[in-house]
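Hi,

Here is the model I said I would pass on.

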Amino acid sequence: MSTPPPVEVQRFARIAGVVLWSAFLAAALATMLCFAFIDPLALGRGEPPSWWVSRPQVYAVGFFFFWFVGIVAAVLAWYLALGSRPPR
Amino acid sequence: MSAPAPVTEVSLYLAHAKVYPREVTGRFARLRTASVWVLLGIFYLLPWINWGERQAVLFDLPARKFFILGLVFWPQDFIFLTWLLIIAALSLFFFTAVGGRLWCGYACPQTVWTESFLWMERVTEGNRSARQKLDRGPWTAQKLARKSAKQFLWISAGLWTGFTFVGFFTPIRTLAAEVQLLTLGPWETFWVLFYGFATYGNAGYLREQVCKYMCPYARFQSAMFDKDTLVITYDTERGEPRGSRPRGTDPRARGLGDCIDCTLCVQVCPTGIDIRQGLQIECIACAACVDVCDTVMDKMGSPRGLIRYTTEHAVHHKATHVIRPRVLIYGALLAALMVGFVVAVAMRSPVSLDVIRDRNSLYQLTGNGKVDNVYTIRILNKTEHPQRFVLEAQGATELEVLSAVHEYAVPSGAVYSVAVRVRRAAYEPLGAETITLVLHSLDDPRVLTTTKARFLAPAR
């Protein structure tokens, strides 16, 4: 407990935190905007697909979907920002 | 991987040292405590307050409507939510420009919950030095008992917070009954645990790291600062050179400033910085150092305010301007948006009417020289009462509205769809025209709306 984790672990935790958190904020915004305009039940045209039962479930699934997309974007942004060769 | 890493590599990712904020009393600490009581009181009690038959504030996501006191908002009113968020952002800018990080120090949920979790920590584990000693010491029965008591309080507070939070989105009384009967649905359970854990983690463990690493506002707030913004500053001119001295001696005679270098300002700091090094990005302007330094100055017989709320201009003996272009612009925009918001909400139409033309035919000629257009109308009753609506059509000449029923009875909050036929003489006026459809309630003359539609007819 008293020894701090190795620097690689700390760095990974820091980057993972930034990625998860920024994607979380973006997903919250996207979910709000998306479902303000789209009623999940209206999408089914009265015949909802069997995998969704209620609006809150669709909201939650939507949120995790946006979070996943946000994580992909954030990881890519981090990875590409590293550059292909070490800075001189 | 236990080999020590080279120092050059560590420097950017300095190991996080746990901050043990020392308890503080004083003017600003009292202000923050008051703020914690008011804000947490509102948060925990609001869902339990009823407005007539229903919960006073309920963001009913399953039913897609928001209840705020006497008002009901629909997805069609989304503009108001956006508007409100813009107002919130602008007020943050305004208050930051005038008063610095007032939000961070007194109102931010992170501060408010951290403060209450710190209180629970203090109750169970004791004051700063007792906590440090406890953490350094071995695992004894007493340590286990104190840590368990803290965890119990934290987890209970976290779960209660999660439950309350979900209570803003699902009627809280139903939720409470479901919890008691252990029939809470999977999603409600998930969100209660999710927000409970978020509270526990943020207020119990992450604390100042949220402000330092996670908060976007903390990063850009300095852009709103200028030399007239209220900041917490150590008066270097007055304090330096710092050093200890016996009580009651004249520091100037010893060549010292007013700072006795007791480091209490560092010990009370929730973000673990030394304010004497100047304004830093980590400073959340909680004024704990102001309070503690004032008590020290009182004891030493020196005037208060060695660390104080002031502006950069004041520190450099220049005049501070409260009214300046930045403040005027933010203030004017904010006032305009707020007035506009109130007016728009007050004038919000209590009923909405959508008219969709029948896609299958442009128009239909009847045998007696008349022409019909068919529309589907959708009525949304945004009032809290059922209404009986009637539809009229107004054009250049007389128009007749025909539908299966004469009155449309729409329950509160319901959407009513019906096909209507609008009829007029085929050639007066010649060709197409734009008509106005007027929908009004028989029960309440104030509930009325109009919309335009295109009426097609042959041009001979």
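In chain A, 6% of the 88 residues count as buried, meaning that 20 or more other C-beta atoms lie within 10 Å of the residue's own; 12 or fewer makes a residue exposed, anything in between is partly exposed, and the C-beta atoms are placed from the backbone. Chain B has 460 residues, of which 24% are buried.

Before you go further, some housekeeping. This is a predicted model, in which local features need pLDDT of at least 70 and side-chain atom pairs count only at pLDDT 80 or more, while totals for chains, interfaces and linings use all residues. Residues are numbered from 1 along each chain as its sequence is written, and chains are lettered from A and ligands numbered from 1 in the order in which they are written.

The predictor gives the complex a pTM of 0.80 and an ipTM of 0.75. For chain B the mean pLDDT is 88, with 96% of the residues at 70 or above; pLDDT is the predictor's confidence in each residue, on a scale from 0 to 100. Within chain B, helix α7 (residues 141–166) comes out with the highest confidence, at 95, and helix α1 (residues 7–10) with the lowest, at a mean of 43. The pLDDT stays below 50 over residues 1–13 of chain B, a stretch that has eleven contacts in the model beyond near neighbours in sequence. Where pLDDT is low, the predicted coordinates should not be read in detail.

Chain A

Chain A has three helices and zero strands, so in sequence order the pattern reads α-α-α. Helices here are DSSP runs of H or I with at least four residues, strands are runs of E with at least two, and both are numbered from the N terminus. Of the chain A contacts with a separation of 6 or more, 81% are between residues 24 or more positions apart. A contact means that two C-beta atoms, placed from the backbone, lie within 7 Å.

The pair to look at is helix α1 (residues 7–37) and helix α3 (residues 55–81) of chain A, whose axes come within 7 Å and cross at roughly 135 degrees. That makes α1(A) oblique to α3(A). The axes are lines fitted to C-alpha atoms, for helices over the stretch in contact, with angles running from 0 to 180 degrees between N-to-C directions. Under 35 degrees is called roughly parallel, over 145 roughly antiparallel, 65 to 115 roughly perpendicular, and the rest oblique. The residues that meet include A23(A), A26(A), A27(A) and A30(A) on α1(A), and G62(A), F63(A), F66(A) and W67(A) on α3(A).

Chain B

Chain B contains 16 helices and 16 strands. Its C-alpha trace spans about 110 × 60 × 50 Å along the principal axes. Of the chain B contacts with a separation of 6 or more, 67% link residues 24 or more positions apart.

Helix α2 (residues 27–45) and helix α5 (residues 109–125) of chain B cross at roughly 105 degrees, with their axes coming within 10 Å. That makes α2(B) roughly perpendicular to α5(B). R32(B), V36(B), L39(B) and L40(B) of α2(B) make the contact with V112(B), E115(B) and S116(B) of α5(B).

- R207(B), in the loop between α9 and α10 (208–214), has a positive phi of about 45 degrees although it is not a glycine. R207(B) counts as buried because it has 23 C-beta neighbours inside 10 Å.
- A287(B), in the loop between α13 and α14 (288–300), is not a glycine either, yet has a positive phi of about 70 degrees. With 26 C-beta neighbours inside 10 Å, A287(B) is buried.
- The peptide bond from E240(B) to P241(B) is cis, with omega near -10 degrees. P241(B) sits in the loop between α12 (236–239) and α13 (264–268).

And where is K299(B)? K299(B) is in helix α14 of chain B, and counts as exposed because it has 11 C-beta neighbours inside 10 Å. From K299(B) to A459(B), 160 residues apart in sequence, the C-alpha to C-alpha distance is 96 Å.

Cheers
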